[in-house]
Amino acid sequence: MIRYIIRRLLQVIPVFLGTTLLVYYMVFALPGDPIAALFGERQPPQSVIDALRSQYNLDQPFWVQYGLFLKNLFTFNLGVDFTQQPIAATLARIFPVTAMLAIEALIIQAVFGVLFGVFAGLRKGKLFDSTVLVASLVVIAVPTFVLGFVFQLIFGVQLGWAKPTVGANADWGNLILPAVVLGLVSFAYVLRLTRTSVIENMNADYVRTATAKGLSRPRVVLAHILRNSMIPVVTYLGANLGGLMGGAIVTEGIFNVPGVGNKLFQAVQRGEGPTVVAIVSVLVLVFVVANLLVDLLYAWLDPRIRYE
Amino acid sequence: MTDNSGAIPLETESDKTAPGTPVLEVRDLSVDFGVEKKWVPAAIGLNYEVRAGEVLAIVGESGSGKSASSMALLGLLPSNSRVRGSVKLSGKELIGPDATRIREVRGKDVAVIFQEPMTALNPVYTVGAQIVETLRLHNEISPDEAKKRALHMLDLVELPDPEKAFKSYPHQLSGGQRQRAMIAQSLSCDPKLLIADEPTTALDVTVQAEILDLMRHLRNKLDSAIILITHDMGVVADLADRIAVMRKGVIVETGTAQQIFSNPQHEYTQALLAAVPHLGQGADSGDVDVTAALAAATHTELESVDPDELARRERENQEALKAAAEEAAKPKGEPVLELTDVAIEYPKQGRVPAFRAVEGANLVIHPGEVLGLVGESGSGKTTIGRAAVGLLPVAAGTMRVVGQDISAAKRNGKQLHKLRRDIGMVFQDPSSSLNPRLPIGESIGEPMFLAGVAKGAELQNRIEKLLDQVELPRGYRNRYPHELSGGQKQRVGIARALSLQPKLMVADEPTSALDVSVQAKVLELFQNLQRELGFACLFVTHDLAVVDVLADRICVMQRGRIVEQGTRDQILRNPQEPYTQRLLAAVPLPDPEKQRERRELRAQLMAAGIE
């Protein structure tokens, strides 16, 4: 087991090098001069441009740029972005916000998705099941930005239940509305996945055995059906956590959340290689750890899976 | 329906229920399933009773309602069902408005053993946890006390290491061990009635024999009433005191085991008994007295048979063996399949190392000969079948198929591609081996079309001829597989395998998914076709009785090795290897008298320490 975890963590090295190289190259290959873009219409003196170029190693060939980036990274020196802000400080600001948002969204989709999915599955073909299925289809079909604006308008502006935009002071309460919007689509998928899984397990032989043992219905559902039904759902949720941490550009944009998605979008637009790559590097780590956790959870849920 | 009041008395030392008073009384029990807003009957007006210490076997083929009616006793049917009538357990009504709470009865007074030990236990909990769950549900005991009792139960069902079994997850146990664990769980609360739904169907014969022994011991020890639901007449003969024969939802005949087997009244019972393949009565060359053969080969004396009588039977057996040996010595022509020291491996996949499933196999099949390859699960019999078609690589030795050495052939290479035209294959599961989206005519014609043998009108002609050969109406060609019954589907499978007039047919358990009466018809068809067309056949099966019907020669496999091979008569009349003897002794005979002899013989073999 320990060996398995170590092996999985060692896999981070090639994944990390591969993704940063790829991202660095793509930012490098973007057309246009980032320094020129920085000044927009104004024409700065050549000496300023040259100074900036050498500060960000833009005067070096690609491999040297990438090598210097790695060297800085391993000495925990992420440098500054084009506005002369330290990148490390930016990361420390944006990641907690997105983490809060992601966790809220994850809890919403997991709790409600599983709850509705189980009830729909147990009442297969009944009114509740059909209603939930249609509703979830609607949620999947409507694009996030439509949902986002509608929720912002209804709950934020008209009803005033939550602040329509988050702004600088992001806390758990402020993030609820964007978290609901963000979690809604995956909620629909979790629901459908749980429902299918419950229906499949409901007719399993061991469930009949459990009933024949004299167990009460709630106990059969909770101890026997639910645990077996959770196996595919957990896989999906884990993969989803990685996605949520990557930041939701649309949702963060609508609700003005100062998180990863917003920052990444800006940085890509400005061609800020160092910022983009720094954010992506953290994301790679998050993905790898999230996947590892899913696999460990998987083995815990299903003893037939054993890692060594 | 015959009167059951004359049931044979049993020597029981019951103090729970006086012998003679029924534990379970079923009156006018009817079960219907709602299908598309109509009630479709699954069981109609059943009447029976079971006494303490008695085994009632409910026998029937699939769709007879035997399982549905028994699940109805405990309310275990899906919600689209309707149950009417009266079921009284020690006087308490279980059905209808006056019913006691069924949940208190389940697991405590009435326990169930299900067919599939693979799936009947929850895969995510240990065996121990599941038994403890049952125990603590019905008894107010501490976890420690429950554990102690669970271990006691696991010991009672003769699991070799109860402590280890307690901590094991179901997938860590073998099929037989799982079924023992299932029985331990069912018996943990001393039920008055045990419903065993096909308890040994999914198991190998030797394991089946052990489980049947176990159930017999427990019946005597615990004095529960048992309802045994099965399609296997051999199992019935081994265990049942009384028998109810069901067909299409109705009990057509009931009686003591003796009455049913020796003097069946209803024509369906007679047909059912006639359809059961009877080990030793398969081929035309005469019946084989397997019990006598085994007794002679192992120098065993039986208490239940008079020694002179046994000696006479052994002598007859020897004479028949001699006659058969002369017949077998005739020359036969160039082999169609020849394995010399063959080893077959499942190639390694990622971190899973290669697995050698067959080692040092030698066998020969001559033209027109049927070789029965017998073994239990994991013996490597299917592996040899698959390698013969080139689906698995040969790791060592030489394999010659229809005169060509394919040991070194590339998988999916040209050589195999061509060779496969000379080999037909029939698969185990007729439902999943036919493409559900192709009409069966196209399934049958596809090999001929792909091989470029025929097309257009000529192809249609040939398809019709093949349908005639497997005795299916020509009009069926446009039907889809789901519109056919299991037996009909397997006929299609055979027609497809025959379409290129193969020299070698590989049949992998082609009848094991079918009901006995259907199996009998398919086997007869197969036999006739084989005689008529004269193809050689490698017939892979776990069922010795089926091999006996078809095979000229028999090859017995155990753990990847061929332990014994010879003509049908050599194997059945004079088995030499202990494993073959054990396998033969484990096959239950559909006749209570003969089965009693066989059981004694098996007990002696086991006692003599034959592994």
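User: In this model, is B:S379 buried or exposed, and why does it count that way?

Analyst: The model is a predicted one. B:S379 counts as buried because its relative accessibility is 3%, where the cut-off for that label is under 20%. This residue is placed in the loop of chain B between β13 (370–375) and α13 (381–388).

User: Which residues is B:S379 in contact with, leaving aside its neighbours within four places in sequence?

Analyst: Once those neighbours are set aside, B:S379 is in contact with B:A357 and with B:M557, B:Q558, B:R559, B:G560 and B:R561.

User: How should I read the packing of two helices, and at what angle do α7 and α9 of chain A pack?

Analyst: In general, the description of a packed helix pair rests on the angle between the axes and the distance separating them. Here α7 (residues 127–141) and α9 (residues 176–202) of chain A pack at about 140°, their axes being 9 Å apart, and the crossing of α7(A) past α9(A) is left-handed. Among the residues that meet are A:L133 and A:L137 from α7(A), and A:L184 and A:Y189 from α9(A); the residues of this contact comprise 10 nonpolar, one polar and three charged.

User: Which way do the residues of strand β6 in chain B point?

Analyst: Side chains in a regular strand alternate between the two faces of the sheet. In β6 (residues 110–113) of chain B, B:V110 and B:V112 point one way while B:A111 and B:I113 point the other way, and all are buried. β6(B) runs parallel to β7 (residues 193–197) of chain B, joined to that strand by four bridges, with B:V110 opposite B:L193.

How values were computed
Residues numbered from 1 in each chain as written. Chains lettered and ligands numbered in written order. Predicted model: local features only at pLDDT ≥ 70, side-chain atom pairs only at ≥ 80, totals over all residues. Heavy atoms only, no water. Axes fitted to C-alpha atoms, helices over the stretch in contact; angles between N-to-C directions. Left-handed = near helix turned anticlockwise from the far one by under 90°. Contact = heavy atoms within 4.5 Å. Nonpolar A, V, L, I, M, F, W, Y, C, P; charged D, E, K, R; others polar. Buried < 20%, exposed > 50% of the residue type's maximum accessible area, 1.4 Å probe, protein only. Pairing = 2+ DSSP bridges.
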